[in-house]
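Visitor: I've never looked at this one before. Could you walk me through it?

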Amino acid sequence: MFALLLLSLVQTASAETAPVAQVAAPIATEKTAAYDHVILISVDGLRSDALLVEKSHELPNFKRLTEQGASTLNARTDSVYTFTLPNHVGMLSGRIATGKYGHGWFTNATPKIHESILERTGSQVEGIFHVTAAAGIDDAMIASKPKFALFRQSWMVGEDAVIDLWMKETDTHKQLQATFDMLDPQKHPRSMVFLHLRAPDDAGHDHGWNMTPKSEYLTAVAAVDQTLGELFAFLDAHEEIKARTAIVLTSDHGGGIPHKNHHGYGLHWVNYVIPFFVWTPNMTGPQDLYAINPGQYLEPGIKMPKSIHVGPQPIRNCDAANLCMSLLGLPSVSGSTINQDQQLRWQTAETFKDE
Ligand SMILES: [Zn+2]
């Protein structure tokens with residue numbers, strides 16, 4: 001059903017090849033009020049249609065993100081890769097993996113102890129933490145897979161020690177406690193938190209990306225919803241923190257082709273269609289991110305546009321990097337190419353400049 005829904009959307013072709021690296025000219029945006037805390041949540045292996053299955057779990061907190069914020073269920077992964085590490089490097093650096101300006105991290109294995117992005121690619125790839133560190137904003141990576149050591153090994157050594165707190169933790173309650181600590185204005189007047197939740201990916205690999213109501217996969221998505229509920233409960237109980245906090249939530253990939261995986265058989269929509277949510281406490285949603293970004297972004301129907309250089313683009317998970325910088329009132333990540341001009345709005349054009 002979701003595929004039919006997507007197929008019914010207006011499809012406007014964009015060029016698939018590009019001779020030059022030239023992003024679409026941005027509409028000038030007024031500088032908006034900055035938030036003091038931004039939480040970027042990556043839900044590993046979250047397929048968009050998992051949020052639409054009737055007669056399964058209620059998902060009240062994804063519903064809250066949708067109804068109060070700006071979102072789309074038709075965002076995209078990296079244009080080539082639909083697995084974890086290339087998408088997270090993209091999400092944190094504002095680049096896709098391939099091409100002259102790509103971040104160049106194509107593999108998914110846990111890096112060896114000596115490996116870093118610099119060591120692998122020969123040039124440093126900066127990320128959101130470089131910007132927050134330069135601005136004196138405390139930052140944390142609260143990850144739940146060993147392969148995220150890549151970021152510790154790349155961005156927490158020598159001159160590039162730009163992450164204040166790196167942790168690998170699979171207990172979501174401990175992950176949330178670390179998140180809440182980063183929101184404590186006494187300890188961290190401003191902060192940037194990357195929070196990685198892995199349960200849907202685990203369930204998908206163990207049992208398949210099964211859209212049958214109450215399947216293991218959908219139960220794992222419901223567990224993420226409960227974690228979001230605990231985050232919202234914390235914010236609701238701390239109004240002064242909530243007023244200064246923004247949330248961005250997306251995913252690194254979906255899954256299901258082939259069964260119990262998301263790595264192959266060419267690009268397939270079940271692997272590359274992901275959600276993207278923006279929530280701030282003073283939004284008046286629901287807003288469709290494509291509808292409030294006309295000319296800048298283009299809903300891609302069911303397809304995966306390959307070129308990042310020509311014409312309006314789908315909203316991708318790697319838009320998140322510079323969106324977070326925009327929410328914090330910071331400049332874009334050096335070397336980034338996606339949402340480089342912070343053109344992705346989370347409010348209508350009329351209200352955007354006033355927020
Ligand atoms: Zn993943």
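## A first walk through the model

Guide: Let's begin inside a strand pair: Ser 42 has His 196, in β5, as its bridge partner. Keep in mind that this is a predicted model.

Visitor: How many bridges join β1 to β5?

Guide: β1 covers residues 37-43 and β5 covers residues 191-197. The two strands run parallel, and the pair Ser 42 and His 196 is one of their links. The number of bridges joining them is 7.

Visitor: Which strands sit at the edges of the sheet?

Guide: The sheet is open, with mixed pairing, and its 8 strands come in the order β4-β3-β5-β1-β6-β7-β2-β8. An edge strand here pairs on one side only. That gives us β4 (165-168) and β8.

Visitor: Is helix α3 mostly covered or mostly open, and how many of its residues are buried?

Guide: α3 spans residues 84-93 and is mostly covered. Among the buried residues are Leu 85, His 88 and Met 91. As for the count in α3, the buried residues number 10 of 10.

Visitor: Is Asn 339 buried or exposed?

Guide: Asn 339 lies in the loop between α12 (320-327) and α13 (349-352). Its phi is positive, about 55°, although Asn 339 is not a glycine. A residue counts as buried with 20 or more other C-beta atoms within 10 Å. Asn 339 has 27 such neighbours, so the word for it is buried.

Visitor: And what about Lys 214: buried, exposed or partly exposed?

Guide: Lys 214 also has a positive phi, near 70°, without being a glycine. You'll find Lys 214 in the loop between α8 (199-207) and α9 (216-237). With 12 or fewer neighbours a residue is exposed, and with 20 or more it is buried. Lys 214 has 13 other C-beta atoms within 10 Å, so it is partly exposed.

Visitor: Which residue is joined to Pro 286 by a cis peptide bond?

Guide: Pro 286 is in the loop between β7 (273-279) and β8 (287-288). A cis bond also leads from Ile 257 to Pro 258, with omega near -5°, and Pro 258 is in the loop between β6 (245-250) and α11 (269-272). For the bond to Pro 286, omega is about 0°, and the partner is Gly 285.

Conventions: Residues numbered from 1 in each chain as written. Predicted model: local features only at pLDDT ≥ 70, side-chain atom pairs only at ≥ 80, totals over all residues. Helix = DSSP H or I, 4+ residues; strand = E, 2+ residues; numbered from the N terminus. Pairing = 2+ DSSP bridges.
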